[in-house]
There are 4 protein chains.
Amino acid sequence: MTGHLTPHVHGSPSGPAQRLARLTGIVPPMVTPLSDRDALDVPGLERLIEHILGGGVHGLFILGTTGEGPSLSHRLRRELIERTCAQVNGRVPVLVGVTDTCFSESLALARYAAVHDADAVVLTPPYYFPAGQPELSEYYLKIAGQMPLPLVPYNMPGCTKINIELDTLRQLLDHPNVVAYKDSSGQMAYLHKVIRLIEDYPGKTVLVGPEEMLAEATLLGGHGGVSGGANLFPRLYVDLYNAAVAGDLDLVRRLHEQVMRVSCSLYGVGKYGSSIIKGIKCALSCLGVCEDRLAEPFHRFRSHERDIICERVAALNEQMAGVRV
Amino acid sequence: MTGHLTPHVHGSPSGPAQRLARLTGIVPPMVTPLSDRDALDVPGLERLIEHILGGGVHGLFILGTTGEGPSLSHRLRRELIERTCAQVNGRVPVLVGVTDTCFSESLALARYAAVHDADAVVLTPPYYFPAGQPELSEYYLKIAGQMPLPLVPYNMPGCTKINIELDTLRQLLDHPNVVAYKDSSGQMAYLHKVIRLIEDYPGKTVLVGPEEMLAEATLLGGHGGVSGGANLFPRLYVDLYNAAVAGDLDLVRRLHEQVMRVSCSLYGVGKYGSSIIKGIKCALSCLGVCEDRLAEPFHRFRSHERDIICERVAALNEQMAGVRV
Amino acid sequence: MTGHLTPHVHGSPSGPAQRLARLTGIVPPMVTPLSDRDALDVPGLERLIEHILGGGVHGLFILGTTGEGPSLSHRLRRELIERTCAQVNGRVPVLVGVTDTCFSESLALARYAAVHDADAVVLTPPYYFPAGQPELSEYYLKIAGQMPLPLVPYNMPGCTKINIELDTLRQLLDHPNVVAYKDSSGQMAYLHKVIRLIEDYPGKTVLVGPEEMLAEATLLGGHGGVSGGANLFPRLYVDLYNAAVAGDLDLVRRLHEQVMRVSCSLYGVGKYGSSIIKGIKCALSCLGVCEDRLAEPFHRFRSHERDIICERVAALNEQMAGVRV
Amino acid sequence: MTGHLTPHVHGSPSGPAQRLARLTGIVPPMVTPLSDRDALDVPGLERLIEHILGGGVHGLFILGTTGEGPSLSHRLRRELIERTCAQVNGRVPVLVGVTDTCFSESLALARYAAVHDADAVVLTPPYYFPAGQPELSEYYLKIAGQMPLPLVPYNMPGCTKINIELDTLRQLLDHPNVVAYKDSSGQMAYLHKVIRLIEDYPGKTVLVGPEEMLAEATLLGGHGGVSGGANLFPRLYVDLYNAAVAGDLDLVRRLHEQVMRVSCSLYGVGKYGSSIIKGIKCALSCLGVCEDRLAEPFHRFRSHERDIICERVAALNEQMAGVRV
């Protein structure tokens with residue numbers, strides 16, 4: 001633990017909101033290693049968790065977008081929760097994505113996460129029906145009151161078709177069980193407004209999704225990032241976060257440049273929106289960490305793209321040696 | 001049974017594609033009566049099924065968009081499948097929405113539907129991750145080959161963020177287990193191209209979603225509709241379909257006018273996209289058929305909107321007496 | 001003149017709203033023949049006008065979307081207005097697109113059209129800044145009051161980013177100088193609601209843009225179409241319109257099938273949204289009517305696509321002989 | 001002149017690309033003061049130019065989005081070019097927006113700007129017809145070759161419906177007459193990729209549109225901003241830019257905070273996308289600089305919103321005193 005996160009005390013009688021006092025730093029959205037359509041790649045999962053934790057990250061977020069949460073069966077999601085919580089074993093807080101189009105299923109998953117000592121749950125808006133903002137606010141407040149763990153609303157309009165507007169967010173932050181916010185809108189002007197808003201809520205934090213925005217978000221008042229690339233190079237993102245908190249602008253620039261190199265070389269090899277997840281999983285497979293199978297509707301890169309990724313991840317690994325502090 | 005649908009023979013040794021030879025006519029997308037968040041309004045469900053079947057419909061579609069399928073727990077979806085199939089008991093084909101963001105969950109639901117003697121399954125594209133067209137086509141072909149029942153792909157870009165393009169659709173129609181197509185894009189030029197395309201596949205059919213387009217779709221080569229208003233006034237849509245098939249243009253015009261009256265008076269009372277489902281459920285409650293509770297993220301109309309709906313549904317009932325053949 | 005349009009009397013002392021009493025039938029959106037970037041193909045223009053009028057159309061619409069109005073210089077737009085009005089010479093009403101992002105430029109173009117005896121002007125919402133509905137309504141009412149000719153608002157959300165909502169449209173229709181409405185949204189449910197709304201305004205009419213929807217729009221209460229394909233085969237669309245007005249369903253079906261053949265064979269050869277205009281201009285060139293040069297940002301088809309179009313337009317011409325009444 | 005911009009030498013025999021060697025710093029997008037629909041508020045314009053230049057800005061950009069360029073008549077645009085160039089008189093470079101849906105009109109405006117000694121022209125993609133990327137690239141390359149002044153492509157997908165993709169941008173940057181790029185996409189991950197790309201083109205620069213992103217864009221490799229708020233508080237944005245160039249992180253944070261205060265208090269008073277321009281013009285009117293009339297389809301704030309803006313701009317003025325270096 002780096003001190004950026006207030007650790008929870010297992011078995012503490014305090015309510016959920018006290019368990020995870022302040023969520024900051026790098027909380028990688030872990031990919032889900034699969035060996036078959038409905039089977040975890042268990043050895044790969046174990047290696048991946050250690051690989052990520054070895055980079056000094058401040059938390060671990062499973063079953064998010066990068067984790068292909070909505071594409072996985074509920075059975076597999078529960079197995080992943082159980083295995084991950086057991087292996088992490090309190091070393092860092094574990095956040096569990098409980099995003100679902102059904103209220104009860106999200107709640108059931110959250111309860112399962114609580115039983116296995118996860119630290120918080122993360123939830124996008126329901127993503128089949130586009131809701132109006134008042135409907136969205138009512139939904140979040142209702143489910144926040146029933147969640148057995150602290151809740152992190154998650155803005156992901158590219159997948160959910162709906163943006164959490166600032167007035168709605170203010171209502172969510174007023175709820176004691178909402179402890180942080182994750183924004184993956186990619187809209188920096190919006191994020192800056194969120195940062196300003198959240199200053200009114202001491203102890204509550206905002207994490208940025210796209211890693212290309214981690215440097216500025218942290219330099220200018222944000223509290224950390226949920227950086228997909230931290231599956232591959234966890235130390236890079238931790239270093240960048242620490243440099244930004246310390247105000248070491250030169251180092252921030254060098255590390256941000258490296259983050260952009262990762263993004264530009266690994267995330268644009270395929271043609272579709274799936275290129276990021278495919279790129280990360282493929283690169284992990286090149287590194288020997290875990291398998292690169294994806295959940296439907298996606299599939300792993302074919303050998304041509306795989307060759308490109310393996311070559312580039314090797315080159316990145318070399319460069320990284322020179323950049324690190 | 002009107003003869004528009006070839007009935008399936010229970011216990012027949014034929015494979016799935018033979019059980020439902022040609023899907024045509026009015027197949028209402030049944031709303032799901034709820035008495036609590038995760039509880040069916042069972043008496044309401046029984047009344048609703050009889051109310052709809054009493055109108056002479058050609059099939060029944062459960063767990064679609066109007067049925068709030070993605071908002072319901074898997075437990076409740078299974079209970080609804082079992083109860084509906086048992087009560088319909090072969091009087092008309094039952095189509096089951098198995099839309100899910102997880103391949104395995106869709107398949108599990110389809111198997112449950114097959115065991116309970118449903119006749120076909122209906123499936124939108126996965127709706128969290130936006131897929132490219134080749135990814136989409138691969139997904140559909142893979143799942144079509146494993147489905148224990150005939151498959152009806154369902155185009156619903158307003159909820160799924162993706163349109164099934166014509167080249168993709170052609171590949172799906174080439175698969176023997178794809179027996180029909182449901183289009184809710186609302187794009188009439190697209191639908192006309194689908195109608196032309198499907199002429200190359202004798203025995204395969206296309207049903208239109210929005211009931212405002214039922215008249216022209218049927219007049220100009222389509223095969224029927226999945227009309228939400230048929231929850232309320234099933235006979236109206238059946239009469240319109242029959243008039244269009246018979247080429248009785250005067251009657252089509254009168255009935256289409258009545259369909260537009262339903263649409264304009266009941267579906268626009270609320271402010272958001274949820275207004276249609278809220279309006280139908282509320283009107284059913286005014287008629288004493290079933291409860292009007294909605295699944296999250298929506299809620300039933302408050303008393304002010306309810307008063308408006310009850311008044312309008314009464315007026316529509318009176319008008320309908322004069323329009324019917 | 002077919003009688004579907006009340007002719008205006010040149011030199012009549014009546015105000016603008018009286019000159020064009022009721023706009024119905026086929027009003028082709030004429031392409032603009034170009035011989036150079038800023039030069040009309042004058043002989044081509046003359047042939048094209050006669051070609052279209054020879055098909056018995058009920059009006060002529062210049063400088064619309066198909067006419068590439070917004071891509072042409074104001075000087076060229078004025079030359080086109082002058083030449084077209086002079087050559088048509090009252091044989092059918094001429095409608096002039098005055099769409100512009102600047103209020104004064106639209107007004108200036110409308111005045112030029114009035115001076116040259118055009119019959120009405122057609123205007124989309126301003127298309128750079130997305131306006132709110134109240135802003136849009138205020139804009140239209142203000143300009144309607146100053147227009148020297150009857151005004152036809154034109155809904156084209158694919159190009160303008162904004163849909164004219166029903167409440168806004170009602171306010172526009174309340175204005176005495178708004179005489180008709182053109183809808184190119186492609187949303188049939190919306191168009192049916194417009195048709196219902198416009199029944200409250202005797203003498204005012206609605207024309208549909210996409211020709212694939214001409215049959216049903218006319219069968220079910222619409223008043224005609226602005227069909228791009230009528231540049232090529234004007235008689236086909238006139239026949240279809242007349243058959244629909246006469247309620248001859250069999251003929252409507254045969255002609256609609258032919259319209260779909262035109263659409264499917266000529267409008268999808270290129271890869272982008274420009275394919276329709278490119279296809280029409282190219283086909284006109286194959287037929288020897290006019291040049292196929294396009295205004296920037298588009299360019300004519302290269303020789304490979306051109307060969308395909310020429311072959312297909314020849315085949316369509318042959319088929320057409322057999323379908324016509 | 002601060003040295004950030006290489007001044008052009010009037011009457012120099014060098015070609016256009018040499019006149020404006022490197023565009024960096026704060027280049028405010030000036031609003032266009034209007035006294036009537038088609039009339040400049042000339043005294044207001046003169047005061048506004050001096051107000052902005054008094055803040056030490058590095059250039060002046062007229063007829064952009066904030067300048068309501070597309071909403072103004074061509075006559076008025078030319079008058080504004082002439083008056084602005086005359087008054088600025090070489091003190092800073094003047095950039096002229098020549099965005100239009102017609103190639104020839106853009107070119108004509110650019111020639112007018114060149115004659116009056118403007119320094120560069122700025123051009124979005126044509127914004128009526130959505131073009132494919134190859135069409136867009138061809139359009140830009142063709143017009144770049146004919147422009148009498150250096151060209152700055154301007155990415156504004158919210159108004160043009162099209163994003164300039166990186167591969168397209170690379171082709172534009174290869175053209176010698178393209179000297180800089182303005183990105184108003186609001187997508188920070190995209191902007192970071194642009195910054196990386198433009199490193200391959202020494203002497204070429206990228207300016208960011210939304211002022212909320214000015215701090216990080218400049219800290220992390222960008223070259224300045226086209227900040228709307230610099231109409232009001234030019235010194236604030238210049239100070240922020242200079243602090244970011246100097247790497248003075250503490251000062252950057254304080255000034256960025258002040259920029260966010262401007263944004264949050266002045267740009268969200270109205271309900272629509274027009275709120276930013278309305279807010280800036282209204283605030284300028286409160287400050288006594290110029291009139292607040294807007295071009296259609298917009299209108300100035302009514303008295304209620306005006307009272308709010310005047311109060312807030314006064315408060316901001318007070319705060320600003322304490323924040324400045």
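Between chain C and chain D, about 3,800 Å² of area is buried, with carbon and sulfur atoms giving 60% of that. Buried area here is the accessible area (1.4 Å probe) that two parts lose on being put together, summed over both. Keep in mind that this is a predicted model: local features need pLDDT of at least 70, side-chain atom pairs count only at pLDDT 80 or more, and totals for chains, interfaces and linings use all residues. Residues are numbered from 1 along each chain as its sequence is written, chains are lettered from A in the order in which they are written, and side-chain values use heavy atoms, with hydrogens and water left out.

**Who takes part**
- Chain C brings 43 residues to the contact (heavy atoms within 4.5 Å), and chain D brings 43 residues too.
- On the chain C side, Y128(C), F129(C) and E135(C) lose the most area to chain D, together 21% of what that side buries.

- One salt bridge pairs the side chains of E138(C) and R302(D), at 3.2 Å from N to O.

**Chain C's side of the interface**
- The elements of chain C that give two or more residues to the side touching chain D are α4 (103-115), α5 (133-144), α6 (157-160) and α12 (275-286); helices here are DSSP runs (H or I, at least four residues), numbered from the N terminus.
- The largest share, five residues, comes from α5(C).

- Chain A and chain C have no contact, and their closest C-alpha atoms lie 17 Å apart.
- Chain B and chain D have no contact either, with their closest C-alpha atoms 17 Å apart.

Terms used:
A salt bridge is a side-chain nitrogen of Lys or Arg within 4 Å of a carboxyl oxygen of Asp or Glu.
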